[in-house]
Amino acid sequence: NDNVSSKKKLHFSKTKRRLPQALIVGVRKCGTRALLEMLFLHPKIQKAAGEVHFFDRDENYNLGLEWYRQKMPFSFSDQVTVEKSPSYFVTPEVPERIRAMNASVRLLLILREPVTRAISDYTQLKSLAASTTPSTKTTASKSFEELAIKPDGEVNASYRPITISIYHTYVLQWLEIFPRDQILIVNGDRLIEDPVSEVIRIEKFLGLEPKITPDNFYFNQTKGFYCMKTNGSERCLHESKGRKHPRVDPIAVSKLRKFFNDHNQKLYDIIGEDMGWPE
Ligand code: A3P
């Protein structure tokens, strides 16, 4: 009897739920979903469904690693499990908690030009507010310019979509815990324009064989973004990815770009890479 059950166990234990070996930690609205879905084209990648929010929400973190592991997909031992929760990036407790799980975990941080990211964030918040309670309708009706720039003409750095785009303040906290070479900075603007070139960098970083090719993508004119091809079927991201942004007054845009100049330079210095964002 014992023999039979151990054989069965051997057979079924080829796949199991494993803690992630790689995490997409943010930044929200920079293409975190696109990045995860594109990586999932690779046969050696498994992804957690949804956003697990293990490290950033105490009520989840307190349930322990076994709870987290149960949220992971089944994988073979040579596969890499990836989870993404964009709010990890901005939650101070998270880097240390991730290190406690696995000090050699690989981190993917996707960034996008900060003004575009802020507008994307505003667009999402507005769309969420419009679909929920009437009390938030007031915020929903305010323009991006009103929220991002104070009446005295200064940039409103405490408006959340602006704050989150000041990447270097958060990146510093991550680099206190993780060595630079354990974090890959993914260029979210390039992921939109030329997904294959970014995905190839990530395959290398994760130590995977190059498998994803231009044949895995086609440009969808209606959506205005690249969509994915797998085994003959075509798939675009949900309609909430690739929303139309409102027109923002060019004077406000250049004021914001100017505001972000110093911050971006600080970021480039910290990460040792120039993202090439417009001044
Ligand atoms: P917009 O909706 O403002 O255009 P996240 O998944 O982190 O919320 O990021 C959403 C953003 O992913 C979208 O912001 C969009 O620009 C970007 N993105 C990148 N590649 C995409 C793709 N192939 N299809 C749709 N959106 C994509």
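Against which elements do the buried residues of α5 pack? In this predicted model, local features require pLDDT of at least 70 and side-chain atom pairs count only at pLDDT 80 or more, whereas totals for chains, interfaces and linings use all residues. Residues are numbered from 1 along each chain as its sequence is written. Helices (H or I, at least four residues) and strands (E, at least two) are DSSP runs numbered from the N terminus.

Helix α5 spans residues 94–101, and its buried residues are Val 94, Pro 95 and Ile 98. A residue is buried if 20 or more other C-beta atoms, placed from the backbone, lie within 10 Å of its own. These residues lie on the same side of α5 because they cover an arc of only 100° around the axis, the arc being that of the directions from the helix axis to the C-beta atoms. They pack against β2 (22–26) and α10 (167–175), where contact requires that the C-beta atoms of two residues, placed from the backbone, lie within 7 Å.

In α10, the buried residues are Tyr 167, Tyr 170, Val 171 and Trp 174. Their arc around the axis is likewise only 100°, which puts them on the same side of α10. Their packing partners are α5, β6, α6, α9 (160–165), β7 and α13 (250–271).

Five strands form an open sheet with parallel pairing in the order β3-β5-β2-β6-β7; two strands pair if DSSP finds at least two bridges between them. β3 (45–47) and β7 (183–187) are the edge strands, each pairing on one side only. On average, neighbouring strands of the sheet are turned by 25° against each other, direction ignored. Axes are lines fitted to C-alpha atoms, for helices over the stretch in contact, and angles run from 0 to 180 degrees between N-to-C directions. Helix α12 (residues 195–205) packs on the sheet, where it touches β6 (106–111) and β7, and its direction makes about 170° with that of β7. Three parallel bridges link β3 to β5 (residues 80–84), and Gln 46 has Thr 81 of β5 as its bridge partner.

The ligand is surrounded by 18 residues, the closest being Thr 32, Arg 33, Ala 34, Ser 120 and Phe 225; a residue is near the ligand if its C-beta atom, placed from the backbone, lies within 6 Å of it. Two or more residues of this shell come from each of α2 (32–39), α6 (114–130), α11 (188–193) and β9 (225–230). The largest share, three residues, is given by α2. The shell comprises eight nonpolar, five polar and five charged residues.

Key. Buried ≥ 20, exposed ≤ 12 C-beta atoms within 10 Å, placed from the backbone. Nonpolar A, V, L, I, M, F, W, Y, C, P; charged D, E, K, R; others polar.
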